[in-house]
Amino acid sequence: MDRAEKLKKYGKKRKRQARSGRNGSVRRSSRQKAVRLAGAAVASACLAGLLLFLLRPKKGGTDFLYVTKGELASCMSFLSEEILPDGWKKEADAYVTQAEMKALIHNVGLAGMIPASGGTERLTRQEVMECYEQMLDYLDLEDVVQKETILVLSRKGKNCQTQEQTLQADGNVPELKEFYTYGVYVTGDQIIGVKAESEKTIALRQAQVESIADRSVQATFLKKTYQIPCKDEQGMEELKRAGFGASCMLCIKGGAITKIKEIKAPDNFTEQKEPNTQTAQTLSEDVKVLLLNQGKIHYDQIFLTSDSKWSVQQTVKKKKKKTTYQPSETLSVKKLKLGKGSSAQIASSGENGKLYLTDSHGDRISKGYYGSLTVYRDTEGYYLVNHVKIEKYLYSVVASEMPASFGAEALKAQAVCARSYVYRQMAADDYSQYHAQIDDSTNYQVYNKSEVADADIEAVEATAGEVMYAGDEIVNAYYFSSSFGYTSSMEIWGQEEAAYPYLKIKSMNPSQKAGKNTPDLSEEKDFQAYISDRKAPSYDSHSRYFRWNAKVELSAAVKELKEKIKERQKVNPDHFTFFSTARKKSKKVSSLKGFGGVKKMYVSKRGKSGAILVLTIQFEFGKVEIKSEYNIRAIVGCAMEQIAYADGSANTGPGFLPSAYFSIAFDKKSKRYLLSGGGNGHGMGMSQYGAAGMAKEGWSYKEILAFFYDGVKVKKTAEKS
């Protein structure tokens, strides 16, 4: 449909709305008609009054009062054709004036339909966005642009972390301050423009408090930690009484916590150890999985179908209503007319019936879901929870986490690990505010993203109900892709190894079946000697990650490097130490300010397993000590130029290092750091490629698990501990 047809269609639609008076578009149409009848003098007077009102002093600086040409161009990016007036691209930082808005309205074919006067006066943000929303009414026929209210938790470069997801915002979008709420325009995961600073308070539910000091609260929300200013002194006092690890609801607006609610003290050690909380008798047979929308919790629209007869049950006017649908019939949840705070249950007939997400045409866009789906609606939109039997949940987890080609015994070992892991995560109840326990992403275990093979089902059914216990407690069954020849212990995360006695350093050398007699690789020369042996015997040497080499250029990526350090330091403040060396004596400081360019990078401490425990990056006037394998991989990876794998394949560009098991050398000729490494993942628990190698050698799944997890017992959940 060309623009002329769009305008003709929407011109008729707006006339009908003006006659019927059904919605807000009527008010806009009526207002536009009134403005036209009143004449330019009245319009000018109204705009002058608005301008005086909006130009009053406001938090956030005067720049936010106006809109640049670059930002408005970003707002119009939902149109595929070129519509910008001449010269706009070269003047991206200039503010939009009355004449320029009039020219844009003319270029999109809306002259005479949206009132605009010429002139050199700058338009306020409110005036620009009122015109923009009128343009959306006419031109955004597919609802590509969505209006959302976001709470900015952090913004680093283009990444803007909100209360739900990470959105991307280019340089044309104005700077959004941390812990402020904004009304924004979004397409996909891109913020294309900002409507205004919002007066809405956003609540972070089930936030876990780490510390309280200096009128601020350090809290973890969805596995990320933030230091947030707090105005609620009484709430902080109550948090202090509740103790470290308390959970609560943090109400945030205007750069600070305004109210702390729903404070819940953490379970004490005795309560966690009560037999009835961890023993087999109390374990559920079902799991509630939050189905994310490309990383977001909420959906604007959901379409559903099933491969068999299915039904929807909801409460309408205090009466239960059940509607039946035929196989392949598609339902839009908007037709359910769910009120905010209400829900609907969708179930497929038969034990093996599957439900699917579809597009608006009824074409499937997901794998099939066993069990039932519940659609909830709240103030942010819809969200979706899958209630499913754990055993059927595991079909897809095993399929998504391990290739079927790894062999039956390896798949069985994976099934027991995944079952043990999900029970531990269910107990944490991270998503209780969304009627769920876990989500379907790598935050927990990947679910329903790969086709399930017969081998996956057979592995789950062969180990039905089996989990690993250390005493009365289900183990934290960590697993990873592949090792460099040794696994690690909790030393990689700086935690007490004694608290996890079943996670020990193991040699993957086939000649050492018990995994014992492992050498100490904490000395740099010993690790370098081992990592340089590309043919070292190991059960997972068939992985392309067994050995890899990477080139890193720190000097050219100093800006990205510092941004990544700041980002990770905010998440894990205890894992970073900053020292200023501007004077002769080194002094501990709180930030990278004044550090200058990069001079060198080196290993300060290596663990017995060979993992780097402390990495130091030396700047011109300071240095940073970095702990924890994930931080090291993320920070060094952002400056990586190229990586080559054992199978001859290679990747270029920045990314994420496969592991923290690497040595560092500097090539003076190319001025690049050369990393010689091995393995993929954190390195603790079961190596999936190692399990495949063991299965090929005839190991049973219980032997594989006994190798990787010291002293554990594999038992069915129905058995008494």
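**Note on helix packing and selected residues**

1. The crossing that helix α10 makes with helix α11 is right-handed. By class, the residues that form this contact divide into 11 nonpolar, 1 polar and 3 charged. The structure discussed here is a predicted model, and every value in this note should be read with that in mind.

2. As for the geometry of this pair, α10 covers residues 390–401 and α11 covers residues 408–428, and their axes come within 9 Å and cross at roughly 120°. An angle over 145 degrees would count as roughly antiparallel and one from 65 to 115 as roughly perpendicular, and the two helices are therefore described as oblique to each other. On the α10 side the contact includes Ile390, Tyr393, Leu394, Val397 and Val398, together with the charged residues Glu391 and Glu401. On the α11 side the residues are Leu411, Gln414, Ala415, Ala418, Arg419, Val422, Tyr423 and Met426.

3. Helix α11 also packs against helix α12 (residues 454–462), at an angle of about 60° and with the axes 8 Å apart. These two helices are therefore oblique to each other as well, and α11 passes α12 in a right-handed crossing. Leu411, Lys412, Ala415 and Arg419 of α11 meet Ala455, Asp456, Ala459, Val460 and Ala462 of α12. This contact holds 6 nonpolar residues, no polar ones and 3 charged ones.

4. Among the contacts with a separation of 6 or more, 65% are between residues 24 or more positions apart. The accessible surface comes to about 34,800 Å², and 48% of that surface belongs to carbon and sulfur atoms.

5. Serine 372 is found in strand β19, which runs over residues 372–378, and with a relative accessible area of 22% this serine is partly exposed. Histidine 387 is 15 residues away from serine 372 in sequence, while their C-alpha atoms are 5.3 Å apart in space. Residues up to four places away in sequence being set aside, serine 372 touches Ile346, Ala347, Leu355, Val385, Asn386 and His387.

6. Tyrosine 502 lies in the loop between β24 (479–480) and α13 (524–531), and at 5% relative accessibility this tyrosine counts as buried. Asparagine 476 is 26 residues from tyrosine 502 along the chain, and their C-alpha atoms are separated by 9.2 Å. Apart from neighbours within four places in sequence, tyrosine 502 is in contact with Ala470, Val475, Asn476, Phe708, Tyr709, Asp710 and Val712.

Terms used: Residues are numbered from 1 along each chain as its sequence is written. This is a predicted model: local features need pLDDT of at least 70, side-chain atom pairs count only at pLDDT 80 or more; totals for chains, interfaces and linings use all residues. Side-chain values use heavy atoms; hydrogens and water are left out. Axes are lines fitted to C-alpha atoms, for helices over the stretch in contact, and angles run from 0 to 180 degrees between N-to-C directions. Helices (H or I, at least four residues) and strands (E, at least two) are DSSP runs, numbered from the N terminus. Angles under 35 degrees count as roughly parallel, over 145 as roughly antiparallel, 65 to 115 as roughly perpendicular and the rest as oblique. A crossing is left-handed if the near helix is turned anticlockwise from the far one by less than a right angle, and right-handed if clockwise. Contact means heavy atoms within 4.5 Å. Accessible areas come from the Shrake-Rupley method with a 1.4 Å probe; for residues, only the protein chains shown count as cover. Buried means under 20% relative accessible area, exposed over 50%, partly exposed in between (1.4 Å probe, protein chains only).
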